[in-house]
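Dear colleague,

I am passing on the structure we spoke about, with the sequence and coordinates placed just below. My notes on what was found follow after that, and I would be glad if you read them with the structure open.

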Amino acid sequence: MNHFWAVAIKELRQIRRDRRTLMVMLFLPGFFLLLYGYALNFDIRHVALVVQDRDATAESRRLVSRFVESTYFELVGTATSDAEIGRALDSGVARAVLVIPEGFGHDLAQRMPVTVQVLLNGDNANTATTVLGYTTAVLREASIPAGASVTTRLALVEPRIWYNPELRSTLFLVPGLIAYLSMITAVVSTALSIVREKENGTMEQIRMAPISTPAFIIGKAAPYLVLSQISGILVILAAMVLFGLPMQGNWLTLNLVLAMFLIGAIGTGLLVSTIAETQQVAFQIGSLVAFLPTFVLSGFIFPIASMPIGLQYVSTVVPARYFLIALRGIVLKGSDLITVWPSVAALVVYAFLVMGLASLRLARR
Amino acid sequence: MSSIPAGDDPVAIRVEHLTRRFGAFTAVDDVSFEVKRGEVFGFLGSNGAGKSTTIRMLCGLLKPTSGRADVGGIDVGRDPEGVKRRIGYMSQRFSLYELLTVDQNIRFYGGLYGLSGERLARRRTFTLEMAGLVGRENVLTRTLSGGWRQRLALGCALLHEPPILFLDEPTGGVDPVSRRDFWRLIDDMARAGTTVLVTTHYLDEAERCDRVAIIHGGRIAAMGPTRELKRALAARRARADQDVLPTLEDVFIDVVTDAAGAGATT
């Protein structure tokens, strides 16, 4: 216990004098949240819409105004023929065309299945997918009676579900950013702090002392856990202020989940430090190890369900995957600890594994 | 907890057939020697001769492949942690934390060895006086020059009053005056009963040791008081002018070239 405190106090004193590390840990994540948060936004507003209303009834006009009132669409014109529709899409005047067939109002009144057609410009698959989502949402909200179906005809569009129920991609992406920024902060700062001791020779001096490896590791990791935790909470608060991330759940649960995730991240950083001999290498390996799995394999951007089966298995050892499930659950749905328990358990298992492995590797003689 | 019964064994370090291999490479090859209590024992050899590997095994940092070493009466292979409590270690890197003050460094290393309260205060005062840093307790370590750092590092290695001290090339990058002062400290400590094992490739430093072992290719090529090693060489050369002894450098070169010639046996 005394050993733990000796190491932890020493580490805190070092960090306090090392302003750069402190700034990097506490404020850089917030800055990156701002950058990525605005850049990684799939939301589109005021989509240029051309309408061909072959029905021209009160019902068909109501549907058009639904589109406009949603603010996702802006009515830029009407078309009277198929040729005009083609021209509108070709010239880029319209990103989307809504065709309401004759008899729409009549069928609706008769509670018969109605069909409308939506044509989308598919040159940018992401945008088209987003617009498709809006269309579907507007049509659903337009309370078309049960049995109504929507036909969409698209070119080059791969239908994938990117959205949360509110159709705001930010709400889906920001938790991923929080996971990535927390991960990279914890991994890199921990790895650097150990490798710095290797470079300065103090690591050797500590190994010559009668201090157990776990006491050293825990003393070393504790200050970084506290700092990463503060940093993570700051990023979450920033996400709420900047991007309107809701907080439906319990802060205590969120802190617990974040801490478990960070312990695993710090263990990962310790593992990286056993491979790297210089701070430069530690930084590069640390960033890569934090970046690639968290961005690609956690379900941050690419849904796990759409990955090849092999990658899906690989993703089961990526801690960010479980953190994301728990984080989205807590902030978006208000899930409690019992609901997110399986994810927390996975994070705890990961933390124990990497900490144990790092302990073994650092103790090796 | 602090005072360890030293026993009556006049031998502080006993090494028998110590060997360490890294894969196919044998870094330390069947090395045996003894160091008496209060002796200053020098390990002389060029880089890669096996000095550091030997020291690391004696400090409990590296497991011997075979052979045995008792340090302070403890088997290094069995109880490396017990050995660590009984030894002080200082390397040429003067492993101090540059972003901590002199005082914070002392407190950290004191904490590593479980010192606290009155004992820590007493040892802290001792270290500050020995290093000549009284009044500069709150100076950042990175602003200290080489000589000060060296003495502070030595003080930190001695905080727990170890009966045995390992010095791994302790005077690298230090000016001559500081080196002389440093060796005076070492002599004083040896007189007070501390056993010192020092590795070096400075021949003038080796001269200050009671005995030296010249290491070459992982083996001890020659061992004894420097004066005897010189005499033995002079006798072998059967020089006419017997009163002009060869220097330690002559001995070193003779031993190393000899060992290189005979080294092809294994």
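In this predicted model, the domain assignment divides chain A into domain 1, made up of 2-40 + 169-363, and domain 2, which covers 47-154. The C-alpha centres of domain 1 of chain A and domain 2 of chain A are 46 Å apart.

Within chain A, the highest confidence belongs to α11(A), at 95, and the lowest to strand β5 (residues 149-154), where the mean is 42. Please take particular care with residues 144-166 of chain A, over which pLDDT stays under 50, although the model has 46 contacts beyond four places in sequence for them.

Leaving out residues up to four places away in sequence, F323(A) touches A179(A), V257(A), F261(A) and L347(A). As general background, nonpolar side chains tend to be buried together in soluble globular proteins.

G264(A) sits in helix α11 of chain A, which runs over residues 251-275, and it counts as buried because 27 other C-beta atoms lie within 10 Å, where 20 or more are needed. Apart from its neighbours within four places in sequence, G264(A) is in contact with P319(A), L347(A), Y350(A), A351(A) and V354(A). The C-alpha atoms of G264(A) and S343(A) are separated by 13 Å, while these two residues are 79 residues apart along the chain.

As for where the two chains meet, 20 residues of chain A are in contact with 21 residues of chain B. On the side of chain A that touches chain B, α1 (2-17) and α9 (202-207) each supply at least two residues, and α1(A) gives the most, with seven residues. By class, that side of chain A holds six nonpolar, seven polar and seven charged residues.

Chain B itself has nine helices and ten strands. Its radius of gyration is 19 Å, close to the 18 Å given by the globule rule for 266 residues, so chain B is as compact as a globular protein of that length. Along the principal axes, the C-alpha atoms of chain B fill a box of roughly 60 × 40 × 35 Å, and 44% of its 266 residues count as buried. Among the contacts in chain B with a separation of 6 or more, 68% are between residues 24 or more positions apart.

Finally, two residues other than glycine have a positive phi. In T71(A), phi is near 70°; T71(A) lies in the loop between α4 (58-69) and β2 (73-78) of chain A and is exposed, with 11 other C-beta atoms within 10 Å. In E169(B), phi is near 45°; E169(B) lies in the loop between β7 (164-168) and α6 (176-191) of chain B, and counts as buried, with 21 C-beta neighbours inside 10 Å.

With best wishes

Technical notes
Residues are numbered from 1 along each chain as its sequence is written. Chains are lettered from A and ligands numbered from 1 in the order in which they are written. This is a predicted model: local features need pLDDT of at least 70, side-chain atom pairs count only at pLDDT 80 or more; totals for chains, interfaces and linings use all residues. Domain bounds come from an automatic or database domain assignment. Two residues are in contact if their C-beta atoms, placed from the backbone, lie within 7 Å. Helices (H or I, at least four residues) and strands (E, at least two) are DSSP runs, numbered from the N terminus. Ala, Val, Leu, Ile, Met, Phe, Trp, Tyr, Cys and Pro count as nonpolar, Asp, Glu, Lys and Arg as charged, and the others, Gly among them, as polar. The radius of gyration is taken over C-alpha atoms; the globule rule is 2.2 Å times the number of residues to the power 0.38. A residue is buried if 20 or more other C-beta atoms lie within 10 Å of its own, exposed if 12 or fewer, and partly exposed in between; C-beta atoms are placed from the backbone. pLDDT is the predictor's confidence in each residue, from 0 to 100.
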